[in-house]
Amino acid sequence: MKIVAVLYSGGEIAKRTPTLLGSAENALGLREFLAGKGHEFIVLTDKEAELDKHLPSTDIIITTPFWPAYLTKERISQAPNLKLILTAGIGSDHIDLGAAATRKITVAEITGSNVVSVAEQVVMHILALVRNYIPAYKQVLEGRWDIAEIAARAHDLEDKVVGILGMGRIGQRVCERLKPFNVKMLYYDQFPLRTVEEHVLGARFASKEQLVEQSDVITINTPLTPETDGMFDRNLIFRMKKGAYLVNTARGKIVDTTALVEALEVGHLAGYAGDVWYPQPAAKDHPWRHMPNHAMVPHYSGTTLEAQARYSNGIRDCLSRFLENRPLEQQYLIVDDGKVVSASYSYAFKT
Ligand code: NAI
């Protein structure tokens, strides 16, 4: 079989850091494993022209949300042998799932592999915004000491209302981590939790509108689907409380690019943080790089060294099973046998 992996270039850092498994240099630790089985394994960093060249003869494509190869309907149609698409990480929105289902291509991601990594990052982003950390840190670098300037926008998180949009694996872990901060937590999900689960997590179900209008801080933790694409449009952003904060580690496209900039510029939102952009990598002039009161970083929350080890193992497991004609682990499957089977995506992509 011909297997193509599209990964970011890690350069010299990757060469001296073998545990940076998600880089092209270290190729998810798969080189020896696949060579030993006699398969052709190509690793690309170019996710456009180079990838297109290989499409006609490729059986399996491995991609990652951190350096997404956008597998559009057109690209999928140029790959007649394609049988399996694997996402090294979580979130397969860079793949046209409907087109994959129509072609009976299996799509799988490594469910659960980086949920702790992201939940920790969400808490960090919330604290960075609420405590006004970034401007304070900048003062230190600039050789300044102006307490008033920082303290006038610094708050305690305690007693604030935190809204969790999408109460899946990451949303629940965010809840667990925020509970000791003594916040009031609301959540909205297409599938509400059972009462006992709500009790354990300390979160109360609210409609999307209630959550948006009542929260001091909102964290988005849903996948990107046709329903969530652009969900935080101008209307929803301006329905948020004046002075609220928005954290998005889910996907950049869930938030309207220009409406967000406007809300920060006019002071309707007090801050925005996250690691996800659209498209990725973000252009040098992406407006979110320069909007006021943001704490944005490149997409890395789900690719800590520990997460890379977990999703590399998951990819190896999927490949072993597929190449030996054994079924993939059910929890990893997004598209199987011509249907979108993931509960998180299923109502969004009717095939
Ligand atoms: P999950 O599948 O466990 O949870 C997602 C939750 O969102 C589910 O409970 C689902 O019912 C809910 N949901 C889906 N559509 C919805 C809608 N329209 N309205 C309300 N709720 C909806 O997924 P998990 O592991 O929690 O990951 C969530 C997302 O986080 C991923 O799909 C991915 O986009 C993003 N992610 C980002 C990472 C990063 O590095 N920044 C790493 C891992 C995931």
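Buried, in this talk, means under 20% relative accessible area, exposed means over 50%, and partly exposed is in between, all with a 1.4 Å probe and the protein chains only. By that rule C175 is buried, because its relative accessible area is 0%. C318 counts as buried too, with a relative accessibility of 0%. Take a disulfide as a pair of cysteine sulfur atoms within 2.5 Å. A search of the whole structure finds zero of them.

Some notes on the source. This is a predicted model, in which local features need pLDDT of at least 70 and side-chain atom pairs count only at pLDDT 80 or more, while totals for chains, interfaces and linings use all residues. Residues are numbered from 1 along each chain as its sequence is written, and side-chain values use heavy atoms, with hydrogens and water left out.

Now the cores. A nonpolar core is a set of buried Ala, Val, Leu, Ile, Met, Phe, Trp, Tyr and Cys residues joined through side-chain atoms within 4.5 Å. The largest one here has 31 residues, and those with the most contacts inside it are F232, L246, V255, L260, Y272 and W288. Which elements give two or more residues to this core? They are β6 (161-165), α11 (208-214), β9 (217-220), α12 (234-239), β10 (244-248), α13 (257-265) and β11 (269-274). The helices and strands are DSSP runs, numbered from the N terminus: helices are H or I with at least four residues, strands are E with at least two. The largest share of this core, five residues, comes from α13. Apart from this core lies another, of 28 residues, among them V122, I126, V130 and Y245.

Stay with α13 for a moment. Its buried residues are A259, L260, V261, A263 and L264. They pack against α12 and β11. As background, an α-helix has 3.6 residues a turn, so residues three or four places apart point the same way. Just after α13, G267 takes a positive phi of about 80 degrees.

Back to F232. Contact means heavy atoms within 4.5 Å. Leaving aside neighbours within four places in sequence, F232 is in contact with L165, V212, I218, I220, I237, M240, L246, I254, V255 and D256.

Another residue to look at is T222, in the loop between β9 and α12. Is T222 buried or exposed? T222 is buried, because its relative accessible area is 16%. With the neighbours within four places in sequence set aside, T222 is in contact with L165, G166, T228, A250 and I254.

Next, I62, which is found in strand β3 (residues 60-63). I62 is buried, with a relative accessible area of 0%. Not counting residues up to four places away in sequence, I62 touches I3, V4, A5, V6, L28, L30, L86, A88, I315 and L319. I62 and V115 are 53 residues apart in sequence, and their C-alpha atoms are 20 Å apart in space.

Most residues other than glycine have a negative phi, and most peptide bonds are trans. L28 is not a glycine, yet has a positive phi of about 60 degrees. It lies in the loop between α1 (11-16) and α2 (31-35), and L28 is buried, with a relative accessible area of 1%. D159 is not a glycine either, and has a positive phi of about 75 degrees. D159 is in the loop between α8 (147-151) and β6, and is exposed, with a relative accessible area of 63%.

Where are the cis peptide bonds? One runs from Y278 to P279, with omega near -10 degrees. Another joins Q280 and P281, with omega about 0 degrees. P279 sits in the loop between β11 and β12 (294-296), and P281 is found in the loop between β11 and β12 as well.

Last, the ligand. A residue is near a molecule if one of its heavy atoms lies within 4 Å of it. Of the 29 residues around the ligand, R169, I170, D189, G302 and S344 come nearest. A polar side-chain atom of D189 lies 2.6 Å from an oxygen atom of the ligand. A polar backbone atom of I170 is 2.9 Å from an oxygen atom of the ligand, and a backbone N or O atom of G302 lies 2.9 Å from a ligand oxygen atom. The ligand on its own has 870 Å² of accessible area, and the protein covers 95% of that; the areas come from the Shrake-Rupley method with a 1.4 Å probe.

How values were computed
A polar contact is a pair of N or O atoms within 3.5 Å; within protein, one must be able to donate a hydrogen and the other to accept it, and residues adjacent in sequence count only if both atoms are side-chain atoms.
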